[in-house]
Amino acid sequence: MGCKTHHAEGDADVLIVQTAIESAESHQTIVVGDDTDLLVLLCFHTTEDSLDIFFKPEGKTGTKKQSGCWNIKHGYKVLGEVVCQNILFTHAILGCDKTSPLFGLGKGLSLKHIRTDVCFRAQAKVFLDGRSTMEDTAKAGESALVSLYKGSAGDTLDKMRLERFQ
């Protein structure tokens, strides 16, 4: 009945989002899934000129609680351009499917930092810049983590983690 299908060999999140973005060029689109990474990728890739894209989290098996349906374009407006442009960095730095969460730091902290901390945003840009070296990226990552742990310019990540642990 006119349904398109796609097959992803590995992690399907990017293919799902690319397909949704393409679909939203001509149709309102609903993405149903149970992965926060889908929501983050949709926020990053959605544009002002696309039609509405909705994200409907799948209900967990055995629970009666139903999740809502999120309008991604509305979320983009609420979060703001700065947050959405850097949302991949903020999601990854505090733990996603591919990275472990940091001890004692919640997800909302990186969103707050990306809005308010110019230095933290500068570190995020290093990650998004395709010309950054591995050394530049590692240095920026450590600086970003020190910032999240409320460290000063001369503090090291090891020092900040030890203080937080104690």
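## Burial and surface

In this predicted model, 33% of the 166 residues of the chain count as buried.

## Confidence

The average pLDDT of the chain is 83, and 88% of the residues score at least 70. Among the elements, strand E2 (residues 53-57) has the highest mean pLDDT, 91. Helix H9 (residues 157-165) has the lowest, with a mean of 80. Where pLDDT is low, the predicted coordinates should not be read in detail.

## Order of the elements

The chain contains nine helices and three strands. Read from the N terminus, they follow the order α-β-α-β-β-α-α-α-α-α-α-α.

Contacts can also be sorted by how far apart the two residues lie in sequence. Of the contacts in the chain between residues at least 6 apart, 52% join residues at least 24 apart.

The largest nonpolar core has 17 residues. The members that touch the most others are Val 17, Val 31, Leu 42, Ile 53, Phe 55 and Ile 72. At least two residues of this core come from each of helix H1 (13-23), helix H2 (36-45), strand E2 and helix H3 (72-79). Helix H2 gives the most, with six residues.

Leu 42 shows how such contacts run. With residues up to four places away in sequence left out, Leu 42 touches Val 17, Ala 20, Val 31, Ile 53, Phe 55 and Ile 72.

## Asn 86

Asn 86 lies in the loop between helix H4 (81-85) and helix H5 (87-93). Is this residue, Asn 86, buried or exposed? Its relative accessible area is 6%, and the cut-off for buried is under 20%, so Asn 86 is buried.

Apart from its neighbours within four places in sequence, Asn 86 is in contact with Ile 114, Ala 124 and Leu 128.

## Arg 164

Arg 164 is in helix H9. The relative accessible area of Arg 164 is 36%. That value falls between the limits of 20% and 50%, so Arg 164 counts as partly exposed.

How many residues separate Arg 164 from Leu 105 in sequence? The two are 59 residues apart in sequence, while their C-alpha atoms are 9.9 Å apart in space.

Methods. Residues are numbered from 1 along each chain as its sequence is written. This is a predicted model: local features need pLDDT of at least 70, side-chain atom pairs count only at pLDDT 80 or more; totals for chains, interfaces and linings use all residues. Side-chain values use heavy atoms; hydrogens and water are left out. Helices (H or I, at least four residues) and strands (E, at least two) are DSSP runs, numbered from the N terminus. Buried means under 20% relative accessible area, exposed over 50%, partly exposed in between (1.4 Å probe, protein chains only). Contact means heavy atoms within 4.5 Å. pLDDT is the predictor's confidence in each residue, from 0 to 100. A nonpolar core is a set of buried Ala, Val, Leu, Ile, Met, Phe, Trp, Tyr and Cys residues joined through side-chain atoms within 4.5 Å.
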